[in-house]
Amino acid sequence: MAWKTYDLDRIAQKLVLDAKERDKDSLGQAFKMRVAVAYGLERFWGEHLRLQGKKADEHKAKYWKETWDQLVAVMLKAGVKIPNDSVQSDNEKSVRSMAEKLWQLDIQDQRVAIAVLAQVCDCLVWWTQRYKKK
């Protein structure tokens, strides 16, 4: 088996620059994302829903969702399919369905996804520290 890069650092840099371009105040979300990883995939995924619908938090919600989307894409490259249904916070049925799909993931796949997510978030924090003051 050969080394395969998944460009996590490059993905994180793009996420940070995109977030900064939209609203530099949303960069603080990277630190919250890193902390949220410890609570599991469901909580991380659900955070964008909490921020959805609040005008002041619109950019923050987008940053969380884009980070989740990148995790899903990276994991797919690694052969692990992570659910990523389009869900609105006011649709409880779809929220429950998506959360249930996440809970049903194979435990090994969950562990790998959480490890990858932690690494992405570490990279987000690093890039945030580089770009936050500029």
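## Helix H1

Helix H1 has 15 residues. Its first and last C-alpha atoms lie 21 Å apart, close to the 21 Å expected at 1.5 Å a residue. That expected span is 1.5 Å times one less than the number of residues. Helices here are DSSP runs of H or I with at least four residues, strands are E runs of at least two, and both are numbered from the N terminus. The model is predicted: local features need pLDDT of at least 70 and side-chain atom pairs pLDDT 80 or more, while totals for chains, interfaces and linings use all residues. Residues are numbered from 1 along each chain as its sequence is written, and side-chain values use heavy atoms, with hydrogens and water left out.

Which residues of H1 are buried? They are Leu-8, Ile-11, Ala-12, Leu-15, Val-16 and Ala-19. Buried means under 20% relative accessible area, exposed means over 50%, and partly exposed falls in between (1.4 Å probe, protein chains only). Seen down the axis of H1, the buried residues fall within an arc of 130 degrees, so they line one face of the helix. The arc is taken over the directions from the helix axis to the C-beta atoms. An α-helix has 3.6 residues a turn, so residues three or four places apart point the same way. Arg-10, Lys-14 and Glu-21 are exposed, on the face of H1 turned away from its buried side. The cover over the buried residues of H1 includes H4 and H6.

## Before H1

Asp-7 is found in the segment before H1. Its phi is near 55 degrees, a positive value in a residue other than glycine. Asp-7 is partly exposed, with a relative accessible area of 32%.

## Salt bridges

Side chains of opposite charge can pair when their charged atoms come close. A salt bridge here is a side-chain nitrogen of Lys or Arg within 4 Å of a carboxyl oxygen of Asp or Glu. By this rule the count is 9 salt bridges. One of them joins Glu-66 and Arg-22, with the closest N and O atoms 3.2 Å apart. This pair links distant parts of the chain, 44 residues apart: Glu-66 is in helix H4 (residues 58-77) and Arg-22 in helix H1 (residues 8-22). Arg-22 is partly exposed, at 24% relative accessibility. A network of salt bridges links Arg-22, Lys-62 and Glu-66.

Arg-34 and Asp-122 form another salt bridge, with the closest N and O atoms 2.3 Å apart. Arg-34 lies in helix H2 (residues 29-37) and Asp-122 in helix H6 (residues 107-131), so the pair ties together parts 88 residues apart in sequence. Arg-34 is partly exposed at 31%. Asp-122 is partly exposed at 34%. Lys-101 and Asp-85 also meet in a salt bridge, at 2.7 Å from N to O. Lys-101 is in helix H5 (residues 92-103), and Asp-85 is in the loop between H4 and H5, 16 residues apart. Both are partly exposed: Lys-101 at 36% relative accessibility, Asp-85 at 25%.

## H3 against H4

Two packed helices are described by the angle between their axes and the distance between the axes. For helix H3 (residues 41-51) and H4, the axes come within 7 Å and cross at roughly 145 degrees. Axes are lines fitted to C-alpha atoms, for helices over the stretch in contact, and angles run from 0 to 180 degrees between N-to-C directions. The crossing is left-handed: the near helix is turned anticlockwise from the far one by less than a right angle.

Which residues of H3 and H4 meet? From H3 they include Phe-44, Trp-45 and His-48. From H4 they include Ala-61, Trp-64 and Trp-68. His-48 is found in helix H3 and is buried, at 4% relative accessibility. Leaving aside neighbours within four places in sequence, His-48 is in contact (heavy atoms within 4.5 Å) with Ala-61, Trp-64, Lys-65 and Val-87.

Is Thr-128 buried or exposed? Thr-128 lies in helix H6 and is buried, at 0% relative accessibility. Not counting residues up to four places away in sequence, Thr-128 touches Val-16, Leu-27, Ala-30, Phe-31 and Tyr-63.

Lys-32 sits in helix H2. Lys-32 is partly exposed, at 48% relative accessibility. Lys-32 and Glu-47 are 15 residues apart in sequence and 10.0 Å apart in space, C-alpha to C-alpha.
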